[in-house]
Amino acid sequence: MSTTLRDILDKLLGRQPASAKTARDRLQLVLAHDRSDLSPELLDQMRREIFEVVAKYVDIDLDEGEVSLETEDRMTALVANLPIKRCQAKKPSSSNESSLPPKEQKATLTPKQESPLPPKEQESLLPIKETE
Amino acid sequence: MAPTTRTILICSGKGGVGKTTLTANLGIALARLGVNTVVLDADFGLRNLDLLLGLENRIVYTAQEVLAENCRLDQALVKHKQEPNLSLLPAGNPRMLEWLKPEDMQRIAAMLADQFDYVLIDCPAGIEDGFKNAVAAAKEAIVITTPEVSAVRDADRVIGLLNTHGVKPVQLVLNRVRPKMMANQEMLAADDVTDILALPLLGLVLEDEQVIVSTNRGEPLTLSNSKTPAARAYANIARRLQGEDIPLIDPAKEGLGLRDKMWRLMQTKIF
């Protein structure tokens, strides 16, 4: 986001920021939900289930992780940002999926701190088609 | 028969943002450019286009009687007194016994397309049956909104529905713009609205008290050679529809006093 003289003045004087930006932010959020036709409860349920599935394989930071809808140019995307706590992979509880030896699993996952990738690339972007 | 007839739906979702005013002014402006234009009031429950055009006392028949073959189309069309290139057709009257269906609107729009260069359909507010009827008859659309969160949100819903009905192109008119508030960043900027709705801007209409005066009289602003901001904006929209390349006004340049210049300096991005 860019900063203007006005923003600085507002901060110095302790004034409320101009309302146009608030309007824009609120609209973008509400439209992302309108366009996806997902209720907040369903979105929350989906978020929990996504966490559960990922947590089966790796240790993720549940407090830092977030799943949200973002919208741009009439395209809505499901954006999940799930920071990985430990490099060591968990053994999935349903053991039939883990046929790989532990060493190889370890190599496919990078710990958050030493990640060579910028944070953006850790996100998974899933575009959502409009449902009307 | 006019094979190049443009059938344009004028819609907004939210009520009271200026659909009917735009339809009336655009109809007159197009007629003054010499193109044969008809405005169809698809809002038969609460019709008002006749009132804005000053034709409320001259309506005898409606599209409903034409469809029932109780009268001919030319008997139902009301020609504007000062601007004979413009005709009005109300879809129905509020007391009608049977609601129209989407196929009825398609039939009436096809009949009008045979005789006119432009068919402008004034859409009712909302996204229920009235909207579905009107959208069935439309080929392209103009979505009108104001720079307010509720109007933009409703416009977004309507744009989604227009997409699913295959109506295109869809263009945007931003109404009731207050340059001072925009300069103070207390009103959504035109770019904000076009970015959010992802539509090209066909016109930008400044807030103008003369609009109320003209509706009081039943004489749309574009009828006289009025040079008020809204009158100019409506006339420019008509010329852009006709393919003329007329630049949009920049709301930031509308006020050029010292105060306004100060405000523009204040909103310059410094980092």
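Predicted model: local features only at pLDDT ≥ 70, side-chain atom pairs only at ≥ 80, totals over all residues.
The contact draws on 28 residues of chain B and 21 residues of chain A. The area buried between the two chains is about 2,400 Å², and carbon and sulfur atoms give 58% of this area. On the side of chain B, B:Arg153, B:Ile196 and B:Met266 together supply 23% of the area that this chain buries against chain A, more than any other three residues.

Between chain B and chain A there are 3 salt bridges. A salt bridge joins B:Asp156 to A:Arg35, with the closest N and O atoms 2.5 Å apart. Three helices of chain B, H7 (149-164), H9 (190-197) and H12 (258-266), are the elements that give two or more residues to the side touching chain A. The largest share, 10 residues, comes from H7(B). By residue class, the side of chain B that touches chain A divides into 14 nonpolar, 7 polar and 7 charged residues.

Within chain B, B:Val143 is found in strand E6 (residues 140-145). B:Val143 has a relative accessible area of 0% and is therefore buried. B:Arg176 lies 33 residues from B:Val143 along the chain, and the C-alpha atoms of B:Arg176 and B:Val143 are separated by 14 Å.

Notes:
Residues numbered from 1 in each chain as written. Chains lettered and ligands numbered in written order. Heavy atoms only, no water. Contact = heavy atoms within 4.5 Å. Buried area = accessible area lost by both parts, 1.4 Å probe. Salt bridge = Lys/Arg side-chain N within 4 Å of Asp/Glu carboxyl O. Helix = DSSP H or I, 4+ residues; strand = E, 2+ residues; numbered from the N terminus. Nonpolar A, V, L, I, M, F, W, Y, C, P; charged D, E, K, R; others polar. Buried < 20%, exposed > 50% of the residue type's maximum accessible area, 1.4 Å probe, protein only.
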